[in-house]
Amino acid sequence: MKFRQWIAGMAVAVGMGVGSAHSAIVDLGFALDRSGSVGSANWASVVNGLANALAVIPTAGPNQYRIAVSSFSSAATLDLAPTIVTAGNLAGLQATIQGIGYSGGTTCISCAATILSNAYTAAGGFGDVSLLNITTDGVPNVGVTNGTTLRGTLVGDGWDSISAEAVGSFNLSFLQALVYPNPGVTTNNPAALPNPLVQGFVLTVNNFAAYEAAITAKVQRIVDTQVPTPGTLSLVALSLLSLGLVTRRRRSA
């Protein structure tokens, strides 16, 4: 009896997607630090590094990747509204990111994070999975300056994962409190990043010259993460339901 109840529960909870099978939408939000401590030369490394990293995002396959970019200093701007990456628009997206201007100023990480949350809300809400990535060389001195408080707000907004690149050497306490799922970890090894959907993390990067390799490894790790599509989940539900029916018939016989 308990087995049949479990099968029925799975069919109701997951099988409601039957008839609407589609690829999963993976949302990637990037918040980039363009404050005064970064400098214009390092800023060029940031935008070129992220633009080049987009090349590892698959434009065909079971999942679609929707990206958005916000840059921040004393305030923040939405530089790229949520857009699904395709073979046809990849070069244009890269050019848009490379063209984001440098400003200088103080550091408002929460400004960019809020803009990205609002951008996805305006685009109809988050997809099946949402990951926020923050690149910075310092701690915030404007806006929300408590990592735990900001994490709570962003998780409440709907982000499934928050991770960061800490470029250079500075106090990591804010980022360690911010990353989610929490408690997060800190690593300096781009080749052995944890699954961002189950473990938030801070990736420490020695300098901006090493940023492109770090962000490319981060995007590749996200792409490699297995995100089940709604269609796949529906098939699992149908299989479980069929198994339950077979079991019931055998018992009846």
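Predicted model: local features only at pLDDT ≥ 70, side-chain atom pairs only at ≥ 80, totals over all residues.
Helix α2 spans residues 40–53, and helix α3 spans residues 90–98. Their axes lie 8 Å apart. The angle between the two helices is about 165 degrees. Angles over 145 degrees count as roughly antiparallel, so α2 is roughly antiparallel to α3. The crossing of α2 past α3 is right-handed.

On the α2 side, the contact is made by Val47, Asn48, Leu50, Ala51 and Asn52. These residues meet Gln94, Ile97 and Gln98 of α3. Four of the residues in this contact are nonpolar and four are polar. None is charged.

Ile97 belongs to the contact between the helices and also to the largest nonpolar core. That core has 39 residues. Ile97 is listed with Leu28, Phe30, Ile57 and Ile67 as the residues with the most contacts inside the core. Several elements each supply at least two core residues: strands β1 (24–33), β2 (63–72), β4 (129–136) and β7 (201–205), together with helices α2, α3 and α7 (211–224). Helix α7 gives the most, with seven residues.

The surroundings of Ile97 were examined with neighbours within four places in sequence left aside.

A second core is separate and has 23 residues. Among them are Phe72, Ala76, Ile162 and Ala166.

Definitions and conventions:
Residues numbered from 1 in each chain as written. Heavy atoms only, no water. Axes fitted to C-alpha atoms, helices over the stretch in contact; angles between N-to-C directions. Helix = DSSP H or I, 4+ residues; strand = E, 2+ residues; numbered from the N terminus. Parallel < 35°, antiparallel > 145°, perpendicular 65-115°, else oblique. Left-handed = near helix turned anticlockwise from the far one by under 90°. Contact = heavy atoms within 4.5 Å. Nonpolar A, V, L, I, M, F, W, Y, C, P; charged D, E, K, R; others polar. Core = buried A, V, L, I, M, F, W, Y, C linked by side-chain atoms within 4.5 Å. Buried < 20%, exposed > 50% of the residue type's maximum accessible area, 1.4 Å probe, protein only.
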